Structures are given as structure tokens and as C-alpha cells.
Amino acid sequence: RTNAPLIVPISEAMFGGRPADWPSHFVLTECIFLRSAAVEELEAGLRGFVEEARREGAPVVLMAFSSMPIPRGDILELAMKMIEECRVRPRLIALMGPHVDEACGAKITERADGLRRKGLLWEAGGAPFGKLLPLMDCIIMHGGLGTTAESLRAAVPCMVTGVLLMDQRCVRPVVGCGLCRGLTGLGGGGGEGVCSGKGGAEVQSGVPTGERAISAVSFEGASD
């Protein structure tokens, strides 16, 4: 109504082109990557968790749904299922966002505590994506603008969840405009995939500067 400029911080190529019905005051720019000195370092414990996984030759999987309304208990159950049922046990980092302090049932809490003590699970509210994502072997995310952009830049295999509110509006155009290739399996420590196949992200030629590849990962170690 006011014709005020609306800045959309995402590359037009990544968005799949400018929608034909957008008015002229909607402006696509580029993705925002926070890389200043003001960005916090990775927490020492989290970095140690990743380094220990590397020493053991175990893949590290990140599960991050940001502000999506997913209860902490549900996230923990998904994380524990992957840790316990995949043929090669991944180390799982679960970023809870605003749900980090939510109470869970006694059984879930007990199981999660046991996996944390074994060094298989790390739980936190958040972490600087620009420093964490390049260290991962796989990223499970909801497909929001920030995580999608950082995952493209990190060129790490990704698994995007089913539709949660509207946050796959970024991922579908990315897949459709040729910025990614499918990937089955996940490599960890140079060995067998977490669940099946061999790992390794594929980067397609001709990708615009600063944008790498986002890949779909098929998890077959967990039950259907």
C-alpha cells in the first residue's frame, strides 16, 4: 500500500529468478554472510565435540530448525533415533533455538543424558553458522533463507525437512535452478557412509560466485 522498498537478502539466481508478480519496489540483493570480528567463536565444548568425532573417524551431523515450532523433545527423539539406529553412529549436534530450555519427559531426558555422556550428542540453543557448518558432514535443516545460504557456501550435503510453515520457499527454487545435485549417503572420516553409500559433496560447474552446492541426503539407516 505504501510502496515502501522491500529488500530480500537473497541472490536472484538462488531464488530461481524474480517472480513475475512482484512489484518494482521489491528488491533482490545478495545473501548476507556475517563474517565480522563481532561474530562469536564456536563454544570450546562444541569445537571439542567435533574434534573428538574427527579423531574417532565419525561423521558429524547438524540438526537445526532455528525458530520453527518444533518441541525440544521431538528434536531429541529424532536425534537419538539417528545416533542409535544408523549403521555407523554419527555424532549429532542438535541446535534447539528458542526451545533449548523446554522440559522433556523423564525417559527422553535419561536417554539424551546417556548419549551426551558418551560424546554422541551435543545440544545447544545456537551457534555461528558461518563457523560451524563447514565442519559438518551433513546438515538437516528446515530450508530457511539463512541456513540455506550458509549451507550453499559451505558445500556440505544437506537434508531438508518436509514443509514447516513457509520456510522452503528458498530451497525449492535453489533445487530447480541447477545449483545442486542429489547425493545418496554420507561420508564420515573417509570410511563408510553414515547410513549407506559413499559420501562427498558434488559441486556443479557454472554456479555463481560465492554459491556452492546443496545436496539431498537419503538416510537409510533409520527405520522407515
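Arg153 sits over the face of Phe33, 4.6 Å from the ring centre; a charge counts as over a ring if NZ of Lys or CZ of Arg is within 6 Å of the ring centre and within 35 degrees of the ring normal. This is a predicted model, where local features need pLDDT of at least 70, side-chain atom pairs count only at pLDDT 80 or more, and totals for chains, interfaces and linings use all residues. Residues are numbered from 1 along each chain as its sequence is written, and side-chain values use heavy atoms, leaving out hydrogens and water.

**Aromatic pairs**

- Searching the whole structure turns up two aromatic pairs; rings of Phe, Tyr and Trp (its six-membered ring) pair if their centres lie within 6.5 Å, with planes under 30 degrees apart called stacked, over 60 edge-to-face and the rest tilted.
- Phe49 and Trp122 make a tilted pair, with 6.0 Å centre to centre and 50° between the planes.
- Phe49 belongs to helix α2 (residues 44–55) and Trp122 to strand β5 (residues 121–124), so this pair ties together parts 73 residues apart in sequence. Helices (H or I, at least four residues) and strands (E, at least two) are DSSP runs, numbered from the N terminus.
- Both Phe49 and Trp122 are buried, meaning under 20% relative accessible area, with exposed over 50% and partly exposed in between (1.4 Å probe, protein chains only).

**Helix α6**

- Seven of the 10 residues in helix α6 (residues 145–154) are buried, so the helix is largely enclosed by the rest of the structure.
- Among those buried residues are Thr147, Glu150 and Leu152.
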